[in-house]
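The stops below are meant to be selected one after another.

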Amino acid sequence: MPSLACSVCGADVDVPSDVMDGEIVSCPSCGTKYIVRINNGQMLLEEFKGDVEDYGE
Ligand SMILES: [Zn+2]
């Protein structure tokens, strides 16, 4: 399972290996939410500041 570093606290954020672009993950350490962005096979975490419940509607 790949993991990316949380930009807030530096902890490893686990990302499912079959993650889809736009999926939301959260840091297990500080709870910051991220949107996974996949760009040319490269995974990036974009900080998500909105309300998860409203996302995707
Ligand atoms: Zn964190």
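This is a predicted model: local features need pLDDT of at least 70, side-chain atom pairs count only at pLDDT 80 or more; totals for chains, interfaces and linings use all residues.

**Stop 1**

C6 and C30 link distant parts of the chain, being 24 residues apart. C6 sits in the loop between β1 (3–5) and β2 (12–14), and C30 in the loop between β3 and β4.

Now colour C6 and C30 by accessibility. C6 is buried, with a relative accessible area of 4%, whereas C30 is partly exposed at 35%. The cut-off for buried is under 20%, and exposed means over 50%.

**Stop 1: the sheet**

Switch to a cartoon view and select β3, β4 and β5. The three strands form an open sheet in the order β3-β4-β5, with antiparallel pairing. β3 and β5 stand at the edges with a single partner strand each, so one side of each has no neighbour in the sheet. From one strand to the next, the twist averages 40 degrees.

Begin with β3 (residues 24–26) and β4 (residues 33–39), which run antiparallel and are joined by three bridges. Select V25 to find its bridge partner in β4, Y34. The hairpin of these strands has six residues between them, and G31 there takes a positive phi near 85 degrees.

Move on to the other pairing. β4 and β5 (residues 42–47) are antiparallel over six bridges. V36 has L45 as its bridge partner in β5, and N39 stands opposite Q42 in β5. Two residues lie between the strands of this hairpin, and N40 in the turn has a positive phi of about 55 degrees.

**Stop 2: the nonpolar core**

Show side chains for C6, V13, V15, V19, V25, C27, Y34 and V36. These eight residues make up the largest nonpolar core. Next, select V19: leaving aside neighbours within four places in sequence, V19 is in contact with V36, I38 and M43.

**Stop 3: V36**

Centre the view on V36, which is in strand β4. Is V36 buried or exposed? At 0% relative accessibility, V36 counts as buried. Not counting residues up to four places away in sequence, V36 touches V15, V19, M20, D21, G22, E23, V25, M43, L44 and L45. For a distance check, pick the C-alpha atoms of V36 and F48: these residues are twelve apart along the chain, and the atoms are separated by 9.5 Å.

**Stop 4: T32**

Finish at T32, in the loop between β3 and β4. T32 is buried, with a relative accessible area of 14%. Which residues does T32 touch, not counting those up to four places away in sequence? They are V8, V25, S26, C27 and E47.

Methods:
Residues are numbered from 1 along each chain as its sequence is written. Side-chain values use heavy atoms; hydrogens and water are left out. Two strands pair if DSSP finds at least two bridges between them. Helices (H or I, at least four residues) and strands (E, at least two) are DSSP runs, numbered from the N terminus. Axes are lines fitted to C-alpha atoms, for helices over the stretch in contact, and angles run from 0 to 180 degrees between N-to-C directions. A nonpolar core is a set of buried Ala, Val, Leu, Ile, Met, Phe, Trp, Tyr and Cys residues joined through side-chain atoms within 4.5 Å. Buried means under 20% relative accessible area, exposed over 50%, partly exposed in between (1.4 Å probe, protein chains only). Contact means heavy atoms within 4.5 Å.
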